[in-house]
Amino acid sequence: MNMHATIDFPAKGSAASRDGFGKALVELGGKDQDVWVLTADVSESTRTHWFAEKFPKRFVQVGVAEQNMAGVAAGIAACGKKAFVSAYGVFSPGRNWDQIRVSVCYNDVPVVFHGSHTGITVGPDGASHQALEDIAITRVIPNIVVLAPADVEEARKATIAAYEAGKPAYIRTCREKMPSFTTPETPFRIGEANAYREGTDAAVFACGPMVYESLLAAEKLNAEGISCAVVDCHTIKPIDKKAVVEWARKAGLIVTVEEHQVTGGMGSAVAEVVAEEYPIPVKRHGIYDQFCESGSALELIKKYKLDAEGIASVVKESMAMKKR
Amino acid sequence: MRITNNKQLRLIANTIREDVIKMLYEAKSGHSAGSIGLADIFTALYFNVLYHDPKNPLWADRDRLVLSNGHVCPVIYAALANAGYFPKEELLTLRKLGSRLQGHPHRGSLPGIENSSGPLGQGLSQAVGMAIVSKAERKRWRVYAVISDGEHGEGQTWEAVMLASKYKLGNLTAIMDRNNIQIDGFTEEVLPLEPLAEKYRAFGWHVIEVDGHNIHEIIDACEKSKAIYEKPTLIIAHTIPGKGIPFMEFLTEWHGKPPTQKEAEEALKLLGVERSVIEEEG
């Protein structure tokens, strides 16, 4: 666990986390001739077109065929290459789970899946395009690492870390511009959660754009006399058990916040550790077993209580769990 | 090791059939018909067609063989052991606890296995990925994919067929085990696949049809496929499931079961007779 990781708070700018993935690919592609990138007809929106323009010979456009894409990537990686596969989260890992499981993870070849446009913040496209189950379906597969970076810079670092890990990985990013608050100096190590704020009454474990919203929520709570820690749980698998136990002990209440179904996601991963290692109350906040709807990102996070205000209210309500 | 002598090749295929029977009997589960029916194709591949080195399974310039329908793995295991990848005694550990010979192949467990497989329809995509790399890097190694007919029910197979054509993968040869059976019955009853050759041609592939039990025809077709530029080749190998063991031939019920002791003994007796016939033919 990285304590007091340095961040810009409040954020100095904004960008979409998918851009961080795209930038990292260009960086890696220039350094290593063995980096290959594949996409399924969504090169611009998943930001792989930047790599394609620079390294066209190592870019494979498979068309609208996510299952084939996973298999082709496995074949490329079996030749000693590092393959990066990019599509919307609903389609990959949504459409090609069996191929991820057997062609990639059972083969244990270095294929990194990038699911962009995840969460409700994809907005107007509606429920069919809002990936809210991707963490749950990937983290149960052996050999895979699952990452949900909080902003553009962390997405860049996560992509590079996945490359360095040299094993199957899934990285989820978002389409919308979000506050950029981590810095080049903010540490990023797979499996090590970053604590950005201390607290003694509750600890929020968040991932993706929910980290910044949780930081804002913690400010509000502080004004009301509730001391709330905020932890960026960017690695869902392997989950940082030490950090979970540490904050369970320090705060006595953990609230998890994610743009994902509460069943099977990051919150479940945290709750599994708490239940086995240091039982305390855990509130899993996110999407409660439902399909959402169209709307702007801001409207949606407000409606589903995933904005700062909503998160603050959930933390406050959850404080009652401590008294049971 | 490149064997051209027909008699020698037929004897190897006969040995592979014997090994498969022994393995399946010992394992008490597994897929008989497809494994036996592929003995001639795997003999052609491992003893003539492939550039490979059993003593150096990860040789960078080896030809790649991707087996897509992993349930026929007894035949690839027997071919690998006979080619010298690992000791033949190990064949009898098939499907047993602690064995490197998993019920469906696992890459990394056993030398010579290029890909994990089992769920149908996933092999051709991986072969396409390998062939794309070989072509992009101007390597000389080729990719061979053994695929089944039944797995053409999987949409992914056709996705891979299209991509191979797009990338003009002249270095890719797919060999389809056209044995006409799948678990629930005959392919043309379960989900009609014909006309397969026309379909592949329409998708931009070169198609060759061979008798999948004539080892020289298989070798010739593989050689011809090397001369086809800018197009992947499909070899439709017409095979008889269970070929060589008359009581298994053509019967869909033999798709997914092993022989009993009595059946195994009978099969080995028949293969013994076949061995002396081949030897006498000279």
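**View 1. Contact between domain 1 and domain 2 of chain A.** In this predicted model, 29 residues of domain 1 of chain A are in contact with 29 residues of domain 2 of chain A. On the domain 1 side, two or more residues each come from helix H5 (134–139), strand S6 (145–147), helix H6 (152–165) and strand S8 (177–180) of chain A. Sorted by class, this side of domain 1 of chain A holds 17 nonpolar, six polar and six charged residues. Domain 1 covers 13–180 and domain 2 covers 194–323 of chain A. Between the C-alpha centres of domain 1 and domain 2 of chain A the distance is 25 Å.

**View 2. The side of chain A that touches chain B.** Here 22 residues of chain A are in contact with 22 residues of chain B. Helix H3 (66–78) and helix H4 (97–106) of chain A each provide at least two residues of the chain A side. Which helix gives the most to this side? H3(A) does, with nine residues. The chain A residues that face chain B in this contact comprise eleven nonpolar, seven polar and four charged ones.

**View 3. The loop around Pro56(A).** Pro56(A) sits in the loop that links helix H2 (49–54) to strand S3 (59–61) of chain A. Is Pro56(A) buried or exposed? Pro56(A) counts as exposed because it has 9 C-beta neighbours inside 10 Å, and the cut-off for exposed is 12 or fewer. Trp36(A) is 20 residues away from Pro56(A) along the chain, and the two C-alpha atoms are 9.6 Å apart.

**View 4. The fold of chain A.** Chain A contains eleven helices and 14 strands. Along the principal axes, the C-alpha atoms of chain A occupy a box of roughly 60 × 40 × 35 Å. The radius of gyration of chain A is 19 Å, which agrees with the value near 20 Å that a compact globule of 324 residues would have.

**View 5. Burial and contacts within chain A.** Of the 324 residues in chain A, 61% are buried. Contacts were also sorted by separation along the sequence: of those in chain A between residues at least 6 apart, 79% join residues at least 24 apart.

Definitions and conventions. Residues are numbered from 1 along each chain as its sequence is written. Chains are lettered from A and ligands numbered from 1 in the order in which they are written. This is a predicted model: local features need pLDDT of at least 70, side-chain atom pairs count only at pLDDT 80 or more; totals for chains, interfaces and linings use all residues. Helices (H or I, at least four residues) and strands (E, at least two) are DSSP runs, numbered from the N terminus. The radius of gyration is taken over C-alpha atoms; the globule rule is 2.2 Å times the number of residues to the power 0.38. A residue is buried if 20 or more other C-beta atoms lie within 10 Å of its own, exposed if 12 or fewer, and partly exposed in between; C-beta atoms are placed from the backbone. Two residues are in contact if their C-beta atoms, placed from the backbone, lie within 7 Å. Ala, Val, Leu, Ile, Met, Phe, Trp, Tyr, Cys and Pro count as nonpolar, Asp, Glu, Lys and Arg as charged, and the others, Gly among them, as polar. Domain bounds come from an automatic or database domain assignment.
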